[in-house]
Structures are given as C-alpha cells and as structure tokens.
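Visitor: Hi! Could you walk me through this structure in plain words?
Guide: Happy to, here is what we will look at.

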Amino acid sequence: MAATRDGYGDGLLALSDNPKVVVLEADLGKSTKSLHFRKANPDRTISCGIGEQNMLLVGAGLASSGYIPFASTFAIFTERAFEQMRNGVARPNLAVHLCGSHGGTHTGTDGSSAQSIEDLAIFRTLPNVVVMHPCDDISTKVLTCQLPELGKPSYMRTARNKTPVLYDGREDEIQIGKGIQLTKGNDVAIVACGVLVHEALEAAKILSVDGINASVVDMHTIKPLDTDLIDRLADTCGAMVSAEDHSIIGGLGGALAEHLISSKLIPLERIGVPDRFGESGEAEQMLEMMGLKSHHIAAAAKAAIARKA
Amino acid sequence: MAGMSIEELENMARDCRAEICKITHRAQAGHPGGSLSEIDILCALYGTRLRVRPEEPKWSDRDRFILSKGHASPGMYALLAKRGFISHDDLESYRVLGGICQGHVDMKWCPGVDFSAGLLGMGLSYGLGCAFAAKLDGSVRNAYVMLGDGELQEGSIWEAAMAAAHHEVGNLKVFVDRNRIQNDDFCEVQMRMFDIPAKWAAFGWAVKVIDGHNMTEIVDAIQWMDSITDKPAVVVANTVKGKGISFMENNPAFHGAAPNDEQLAQALSELGVSA
Ligand SMILES: Cc1ncc(C[n+]2csc(CCOP(=O)(O)OP(=O)(O)O)c2C)c(N)n1
Ligand SMILES: [Mg+2]
C-alpha cells in the first residue's frame, strides 16, 4: 500500500537532475510531498506562502522563461487559481505542471471543504491542459517524470490515503494519454481512474462469480482521452461503466459520455459522487456513502449489460 | 454571560484547552496548535461581549463570529459546548461520520457556527458582507473575524481590508492570531510578512497589538474595538501556537497532529485537569 501523493514526491525528487525543473509550494509541501525535492534542492524550490493564485502565475513566468515549474497544493485549492490557470497558463499554453493532492471524498475526515470533487471536470474544460488521475504511487511517479517532455500545461490529481500498488515492475506500460487494460473480458468494460481503479478490480471479481467477464481499464489520463481504447472496448464489450471519486458531472464519466455519444452508442453507467457535497468521515465510509464501492460498480455493470440492445 | 470575570474567563479557557486535547486525541486528527493559540480570545469575546443566544443560535440580530481559520475548529467546538450551543456529548462527533462537529467548522452542520470555513482567506470578505448587512438593517450588531497569521498571505484578505476601510465599515472587528507558525513551518521561513500592524494601518484600519494570552489585555482590546466606530478595527494578538501544553508550544508539528495517549495524559496533567 502507498499513497499516490508519495509517488508524486518521488517523481519530483527523481527530476532533481534536470536543472530546469523548479518546484513551487503554497505551504502544503509536507502534504503534497514536494518537501523531498525542497530538501534536496532548496535553491530550486520557491515558497509562495499560502497564495495559490500567485503561485500559478509565478509558474507561468518561469515557464515562459524556459523553466519547468511544478506547483502543488490540495486539489481543492488549485480551484481557487482556476482563472490564473485558464488565462495565465492554458491560454498562452505555458507548460506549468499543477498537482492537486487530497482529491476526492476519499480524503476523509477534514470534510466537505477539503474534498475536491470537481477538479477533473473544471481543468478538463481548458484547451491545452492534460488532465491525469493515477491510481498508484508507481504510475504517479512515472507520469510525473514524463511531464518535462510534455511541452504543455498539466493538472494531476493525487490522493491522500494509501491504496494498493499495481505497477511495481510494470513501469514501461505507463504512458501519458494511454489507458491500461488490467483485465480482459467481453461482457462489460469498467473504465476507472484513481482510487476507484482498485474498487473496479474488486468489482470484476464480484462479477466473475456470476459468470460475467469484465475488462477493467485504468484511465489515468482523462484528457486527452484514449479514444482508440474506448472504441475498441465499446466494440468488444458493448456496455461500459465509468468509476471515479469525483462528481458524476463532468469528470471521467462525462468524458466517456461525450465521446461515446458521437462514436459508439452503447449503454454507459456512471459511478461517481452524486450531485452533492461530502462530509467528515473515514475514507472507506465516504466511498460507501457516495456509492463508489466495488459492489456499486458491479451493480452498475449489470445494469449496463441489461441495457444492451 | 456578559461580564464574566478575568478569573472565570481563565478557568473557561483552561477547560477548553483540555477539551481541545481530548477531542483531537479521540479523532487522532485535527488541529490543536491553532486552537490553543486562539482560545483565550474566543473565551473573552464570548464571555464578555458577543451578543448571541445559545438557545436561539440563528437569532437574526446576533453579532457574528467568523472563524476564518476554520481548521482550528476544536477550539470553537470546545467553546460552543461551554456556552451551551452544543452539548458536551456533541464533542464526540468531531470528524465522525454524520457528526455536527465536522473537521472544519461548518454552518450547515453546527449550531453557533456562522461561516463554513477551512479555506483560508475567505472569512474577512464574508464578515465584511455581514457588517454591510447590519448597517443596511440599521442594527448595532458587529461582525468579528478571527484570522490566522499565515492566512494573511492570501491576497483576498487584502482585497477585503481595502474595501472595509474604503467603506468605513466601523462594525467590522478583526483578530489576527499571530502565533508565527503556519502549516509546513514558521511563517518566517514560509513567507515573511514583515510589519503586520503597519500593513493594516497602511490599509486604513485602527490597529492595536496585544498579548493574546493575557486575559485582561484581551478584554480591554475588545472594549477598545467598541470605541472605534468610523473605521474597521484589528487587534494583532501575539500568541503562542500550542499555548499551555509544553510539547506543543511553538512546535510546527502540532499544527495538524493529534496527541497520542501519553501526550494526552501529560497535557491534561500540565493543565491540572483530570482525564
Ligand atoms: C486556501 C487554503 N490554502 C491552504 C490551506 C491548508 N492549510 C490549512 S491550515 C494552514 C496553515 C494556516 O496557518 P495560520 O493561518 O497561521 O493558522 P494557525 O497558525 O492559526 O493554525 C494551511 C496552509 C487552506 N486551508 N486553505
Ligand atoms: Mg499561524
């Protein structure tokens, strides 16, 4: 077990050798895990105080001057700097890499004010911005290390709490923009991101007991969406479920729906946070309460299969 | 309520300190440091000045108290229980699913909470809105806002500060909990703020600097605030993060970490309170 935020911290540290990489903090480096880079490279780490809006545009200035800035705070507070990201980063297409940790209701007992459930949706609306939400520390590290080559802005959501490690020794399979098929089955495809990838894998086990074979996909990059993979899955499975610890509106489920409506009209069921705010509770309690557990996903898979023409 | 003696206030603050340690210990999470630094001011304000009705928490003409540094909720909950807004048993619901004591103070969940916080930099603007509303109503009520010192780094604080002075909002009263520590480290390391009182003065505010743990000074400062009616007033209270518990004092580690079993026992014995 490990937290994706630790993967981000490891990734930044591994980027120490690139002299163009600069890290920006907003008084949450201990939490987002940029502190490891800061300790190793104090001269290339800039404390912006508790000032997220300032941080984003300092990043833009650095990017326009040939540096590769990585800025992080809690996912919820990246939202405060949304217009800075929109007008100061995305519009001029400056390669600032923003990381929002503690995303989703899985964040737990801090409560609704700290549980970002809309970050993927809002950043996905910005032209030029790549949006990612990896599911384990290894893939988070690999994706982070690929960012200096990206040449455009990105937003990556990481999670606070520990989840199983999936990709130890499988680093080569991870590439920005390419979904990873974790299980193969022809009855239904479950496309998940972040914490819910693990719930999706459990759901596939539940379904197999009933003789239902599911393809589970880790869609760590939500934008650009791996539409080739989605179309292939639509053809082979004919029914799909999205699963994310994010609002039902506008996230991975929204992205799949937008794509499928104009390519393959197959049944799609969406697992996500219903149109409501979270509250204080343990991570597992929040997933149960919001309808994000494996049994919810399995039920949604059956509903999608039942709707096949 | 109004007119508690200095000794009564000090006793209440000591009891609240014990409660802060207990509820963060029970949850094994939360923010004791900033709760312990703010608690003397909260006690003095609620014990001598604030026009509120515990039995009628939504009374429309109440003074407003906005804990903008809403992570320091254990202090607020301890006080609300002392004043009868919530029961002592409610404190057990801190960070528990369905509990009224949410991780960060939340007006939707908890009686006596005037602003849903946990998002630094927002409470002053909200308080300004409440103060405007009081003026429009022709009411004598005030809006009091408690800010963290790290929180002053948010630009929106200074947008609100400028607007409040421009509009001569004399019923807006602010405390800055100057405990010199923020999340990751000391403010001096994270973002120096230089002369904080001078900054507020330059923005057009009436400013007073006090020792935020000296009950007499706090009560006097609250009265001083009442004497300022033509402009907003701010009290910069020099405090100690973790005040009252030796191993928490001035220790950034206890910004957002709960005491363990032994630490709780030590904390309660230092306070002279039984478990
Ligand atoms: C906008 C925003 N950014 C970051 C945080 C995370 N955070 C919670 S408390 C804290 C430090 C607050 O320091 P200060 O205002 O000095 O409060 P105190 O010392 O009284 O606890 C930070 C950065 C937040 N709550 N809101
Ligand atoms: Mg402070």
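Visitor: Before we start, what am I looking at, and how are things labelled?
Guide: This is a predicted model, in which local features need pLDDT of at least 70, side-chain atom pairs count only at pLDDT 80 or more, and totals for chains, interfaces and linings use all residues. Residues are numbered from 1 along each chain as its sequence is written, chains are lettered from A and ligands numbered from 1 in the order in which they are written, and side-chain values use heavy atoms, leaving out hydrogens and water.

Visitor: What is the mean pLDDT of chain B?
Guide: The mean is 97, and 99% of the residues of chain B reach 70 or more. pLDDT is the predictor's confidence in each residue, from 0 to 100. For the complex, the predictor gives an ipTM of 0.95 and a pTM of 0.97.

Visitor: Now a helix. Which residues of α9 in chain B are buried?
Guide: In α9(B), residues 261-271, they are L264(B), A267(B), L268(B) and L271(B). Seen down the helix axis, they fall within an arc of 95°, so they line one face of α9(B). Buried means under 20% relative accessible area, exposed over 50%, and partly exposed in between, with a 1.4 Å probe and protein chains only. The arc is that of the directions from the helix axis to the C-beta atoms. Helices (H or I, at least four residues) and strands (E, at least two) are DSSP runs, numbered from the N terminus.

Visitor: And what is on the other side of α9(B)?
Guide: There, E262(B) and S269(B) are exposed. As for the buried residues of α9(B), what covers them includes α1 (6-27) of chain B.

Visitor: What happens at the two ends?
Guide: At the start of α9(B), a side-chain oxygen of N260(B) comes within 3.2 Å of the backbone nitrogen of E262(B). Just after the helix, G272(B) has a positive phi of about 75°.

Visitor: Switching to chain A, which domains does it have?
Guide: The assignment gives domain 1 (4-157) and domain 2 (180-306); such bounds come from an automatic or database domain assignment. Their C-alpha centres lie 26 Å apart. The contact (heavy atoms within 4.5 Å) takes 28 residues from domain 1 of chain A and 35 residues from domain 2 of chain A.

Visitor: How much area do the two domains bury between them?
Guide: About 2,300 Å², with 57% of it on carbon and sulfur atoms. Buried area is the accessible area (1.4 Å probe) that two parts lose on being put together, summed over both.

Visitor: And how much do chains B and A bury?
Guide: About 2,100 Å² between them, 41% of it on carbon and sulfur atoms. R95(B), L97(B) and D184(B) supply 30% of the area that chain B buries against chain A, more than any other three residues.

Visitor: Last topic! Is T163(A) buried or exposed?
Guide: T163(A) is buried, with a relative accessible area of 6%. T163(A) sits in the loop between β6 (154-157) and β7 (180-183) of chain A. Leaving out residues up to four places away in sequence, T163(A) touches several residues, including M1(A), H106(A) and V195(A).

Visitor: What about G11(A), buried or exposed?
Guide: G11(A) counts as buried, at 0% relative accessibility. G11(A) lies in helix α1 (residues 4-14) of chain A.

Note on methods. Polar contact = N/O pair within 3.5 Å; in protein donor to acceptor, adjacent residues only side chain to side chain.
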